[in-house]
Amino acid sequence: FVQAVCTINQSDVCKAKCIGELLVPVAPFDQKSGREAWTVAFAPNGSYFAWSQGHRIVRLIPWTKCLKNFSTGHCGEATNASSPRHLSCQNSNGNHIIPVAGEPREHTIDCGDIVWGLAFGSSVPEKQSRCVNIEWHRFRFGQDQLLLATGLNNGRIKIWDVYTGKLLLNLMDHTDVVRDLTFAPDGSLMLVSASRDKTLRVWDLKDDGNMVKVLRGHQNWVYCSAFSPDSSILCSVGAGKAVFLWNMDKYTLIRKLEGHHHDVVSCEFSPDGALLATASYDTRVILWDHHKATVLLELGHLFPPPSPIFAGGANDRWVRSVSFCPDGRHIASITDDRLIRFWSIEEKAPQAIASLTNGLCCAFSAEGNVLAAGTRDGSVHFWECPHSIASLQHMCRMALRRVMSTQQVEALAIPTPLRDYLTYKVI
């Protein structure tokens, strides 16, 4: 595998352009814990942005409105391109704006407890529930249904209708903090929750939120989980060095990936499902071929990289979050050294950096042109992502890898260099 380490001078790396911020009002009680923005999320169709701004509050903002506020002033005057647009909580409160008929509404939701996890889910009507004997539904999920799941400090999960801001379901089986939530991308409205109670739970929202399965195996807190694009595999990580892979048809453990030297806190599959990125307190992001349980690339944030015996120590390079760009070629990482790094898997080095104090989480927009990052003070910052035209080779590789595993590609009667490229051995 290839090891990429951030050894270059920061002054030689281009700076990512900050295009806007969402700020919360400052009050004396804000200095207490509970004001962190633990999660930010974009709706799969790009219509909404959700942000846990601390102290029980979640903001649901139409994404086009967000972008418009960043690019123009209140009176429609263009803002200075070199300075980011500040959009405060008071200025953008949807309750004080009369929306135009047919436009998405902004909502401010009080979840009743500190919010740790957020996830959007959209339904596909023809995608049937996995529960076979359903005679009655509390909700009829239409084609334009868009839900927001919120994971709370008290172990509850609340499901909201994004368009109306109304509470639909209250799921109460976890016994500790629900740290992370993820929906299956196939439109089935299957939801997985990761909790500090050491379990993952699978919920069928098309069956009125029935809990389908409890996945046990983690010995400590579970921090994060992510579905593969075809919804067949779930990755989960937590307070431990192992990366868990689950078969979501049989709800069984496939294997554990071993390679990190400290707690693994974030994970995400590439858009074609061929790669898995995991971030750890051991100062590294690892790109895996999860089909073969092999390491393809290491993105190092500390040079020289800490040896395994020292990787568990406190340092300023703990990686907090990793996110895969929808283009399949870029990755963003947030680290305790007050930097966001934009990596290119093709260059194996940071392509751009940005300053961010106390960053906790990050997510790419559905189009992949903007990265949002949440911080400990409850604010969110937005950057333009490095963009370049993908090669036809890469687009063909992504199209093929969406439907073929590494083993299937290796079985093809094709030249070795092409096989190595298609399996990301040559990135």
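Me: Which strand holds S344?
Reply: S344 lies in strand β27, residues 339–344. Strands (E, at least two residues) and helices (H or I, at least four) are DSSP runs, numbered from the N terminus. The model is predicted, so local features need pLDDT of at least 70 and side-chain atom pairs count only at pLDDT 80 or more, while totals for chains, interfaces and linings use all residues. Residues are numbered from 1 along each chain as its sequence is written, and side-chain values use heavy atoms, with hydrogens and water left out.

Me: Why is S344 called buried?
Reply: Buried means under 20% relative accessible area, exposed over 50%, and partly exposed in between (1.4 Å probe, protein chains only). S344 has 2% relative accessibility, so S344 counts as buried.

Me: What does S344 touch?
Reply: Leaving aside residues up to four places away in sequence, S344 touches R329, H330, A349 and Q351. Contact here means heavy atoms within 4.5 Å.

Me: How many aromatic pairs does a search of the whole structure find?
Reply: The search finds 11.

Me: Why is the pair of W63 and F382 called tilted?
Reply: Rings of Phe, Tyr and Trp (its six-membered ring) pair if their centres lie within 6.5 Å; planes under 30 degrees apart count as stacked, over 60 as edge-to-face and the rest as tilted. The ring centres of W63 and F382 are 5.5 Å apart and the planes are at 40 degrees, so the pair is tilted. This pair links distant parts of the chain: W63 is in helix α1 (residues 63–71) and F382 in strand β31 (residues 380–384), 319 residues apart.

Me: What makes R196 count as sitting over the ring of W116?
Reply: The test is that NZ of Lys or CZ of Arg is within 6 Å of the ring centre and within 35 degrees of the ring normal. The charged end of R196 sits over the W116 ring, 4.6 Å from its centre. R397 likewise lies over the face of Y424, at 4.0 Å from the ring centre.

Me: Which residues of helix α2 are buried?
Reply: In α2 (residues 392–401), they include H394, R397, M398 and R401.

Me: How do you know that these residues are on the same side of α2?
Reply: The arc is that of the directions from the helix axis to the C-beta atoms. These residues cover an arc of only 95 degrees around the axis, which puts them on the same side of α2. The cover over the buried residues of α2 includes α3 (406–410) and α4 (416–422).
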